[in-house]
Amino acid sequence: VNIQDMKEFKCHELNRDIWGNEVMQDVIRKNFVFWQQDSESEPGRWFSGFYNASEFPFVVIVHPKSRQIVKHWPHMDIEIPTTELFVRDIQSFLESKDVSIPAAKRRKIAGKQSTAPSEDEAIRQAIQNSLKEIDELEHKSTQLNRKAEIPGRSNIGSQTENRSTNSTPAKSIPEPSPGKNVTTLQLRFPSEFGLRPLRRRFLKDAPIKNVFDVAWQCMRATGVDSLSCENRESMTLRTTFPRRKIQSEKSTIEESKLLNAVVVVELA
C-alpha cells in the first residue's frame with residue numbers, strides 16, 4: 001500500500017525511483033496486490049484514519065486476511081531508500097513471512113475490483129503524474145532558494161537586527177548549476193519558522209559553512225522574531241540516517257559524507 005500526498009516531493013521521488021524500477025515491478029507483480037491512493041481521496045482518507053497515517057509517502061504491507069500492517073517503512077517523508085535496498089528489504093521480508101498471495105487468488109481479487117486500474121496501470125499512471133509534476137516542484141524549490149538569498153528581503157525589525165549584531169552576516173551563496181561536482185541537499189527547518197523542506201544544490205567541495213549560511217538566511221528571511229534565533233551560533237545541523245551532528249564547518253560536504261543527504265536544522 002502506498003498512500004501519497006502529491007504536494008510532497010518525496011512521493012514523486014518514490015514513484016519515479018522505486019515503483020518505476022522494473023525489478024521492483026516484477027517483485028510486486030509476483031507477490032502483492034499493489035494499491036496506491038492519494039491522501040486527499042476518499043479511500044486515502046479512510047486508510048490514513050484507520051491506520052494513523054500522518055506522514056507521506058506512507059508505505060506498508062497489509063496482511064490479506066488479518067488486515068494488520070505486517071511491514072512499515074517509516075520516515076519516507078524524510079529519505080527514500082535506494083532501489084537496491086528497498087528490493088532487498090522486501091525479499092528478506094518475503095523469506096521470513098508467509099503472507100504472499102497465490103497468483104490464482106490475486107487474479108480473483110483483481111477480478112472483483114473491475115472498476116479499479118490494474119497494478120501495472122496504477123504504477124504507470126503514478127509515474128507519469130510524478131514526472132509531470134517533479135520538474136515544477138524542483139523549479140518552485142529553486143525559486144524559494146533564490147528569494148532567501150536576495151539581500152534585504154528579511155522583514156525582521158530593527159530591534160532584532162540590533163540584537164543580532166554579534167553574529168557575522170552570511171554572504172549570499174550562489175547556487176551552482178547541475179553537474180558532476182554538484183550535489184543536492186534537503187534542508188528541514190524548525191517548525192516555528194513555517195518553512196517547507198528546501199532542496200538546494202551545493203558544490204561537493206564546498207565547506208559545511210555554506211550550508212549553515214544558507215539555512216541561516218532562509219530562517220532570517222521569514223521575519224520570525226525568535227529568541228533562539230538571535231545568534232547564529234545557536235544553530236546546529238544533523239543528519240537523519242544515521243543520526244549524527246555536523247561538528248566542523250570547515251570540512252567539505254563530500255568529506256562530511258553529506259552527498260544527496262537530508263539535513264535537519266536545529267536551534268539550541
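**Exercise 1. Which exposed residues does the face of α2 turned away from its buried side carry?**

Welcome! Before starting, keep in mind that this is a predicted model.

*Step 1.* Begin with the buried residues of helix α2, which spans residues 22-31: they are Met24, Gln25, Val27, Ile28 and Asn31.

*Step 2.* Now look at how these are arranged. They cover an arc of only 160° around the axis, so they sit on the same side of α2.

*Step 3.* Turn to the face pointing away from that buried side: the exposed residues there are Glu22 and Lys30.

*Step 4.* Finish at the start of α2, where a side-chain oxygen of asparagine 21 comes to within 2.9 Å of the backbone nitrogen of valine 23.

**Exercise 2. Find out how many salt bridges the model has, then follow the one between aspartate 77 and arginine 188.**

*Step 1.* The cut-off for a salt bridge is 4 Å between the nitrogen and the oxygen, and the count comes to ten.

*Step 2.* For aspartate 77 and arginine 188 the N to O distance is 3.8 Å, and their side chains meet in a salt bridge.

*Step 3.* Aspartate 77 is in the loop between β4 (69-73) and α4 (83-96), while arginine 188 belongs to strand β5 (residues 182-188), so this pair ties together parts 111 residues apart in sequence.

**Exercise 3. Work out where lysine 209 and aspartate 213 lie, and whether each is buried or partly exposed.**

*Step 1.* The two form a salt bridge, with their closest N and O atoms 2.9 Å apart.

*Step 2.* Both are in helix α8 (residues 208-221); they are four residues apart, so about one helical turn separates them.

*Step 3.* Lysine 209, at 39% relative accessibility, is partly exposed, whereas aspartate 213, at 4%, is buried.

**Exercise 4. Describe the pairing of glutamate 266 with arginine 238.**

*Step 1.* Their side chains meet in a salt bridge at 2.6 Å, N to O.

*Step 2.* Glutamate 266 lies in strand β8 (residues 262-267) and arginine 238 in strand β7 (residues 235-239); the pair links distant parts of the chain, 28 residues apart.

*Step 3.* Glutamate 266 is partly exposed at 30% relative accessibility, and arginine 238 is buried at 16%.

How values were computed. Residues are numbered from 1 along each chain as its sequence is written. This is a predicted model: local features need pLDDT of at least 70, side-chain atom pairs count only at pLDDT 80 or more; totals for chains, interfaces and linings use all residues. Side-chain values use heavy atoms; hydrogens and water are left out. Helices (H or I, at least four residues) and strands (E, at least two) are DSSP runs, numbered from the N terminus. Buried means under 20% relative accessible area, exposed over 50%, partly exposed in between (1.4 Å probe, protein chains only). The arc is that of the directions from the helix axis to the C-beta atoms. A polar contact is a pair of N or O atoms within 3.5 Å; within protein, one must be able to donate a hydrogen and the other to accept it, and residues adjacent in sequence count only if both atoms are side-chain atoms.
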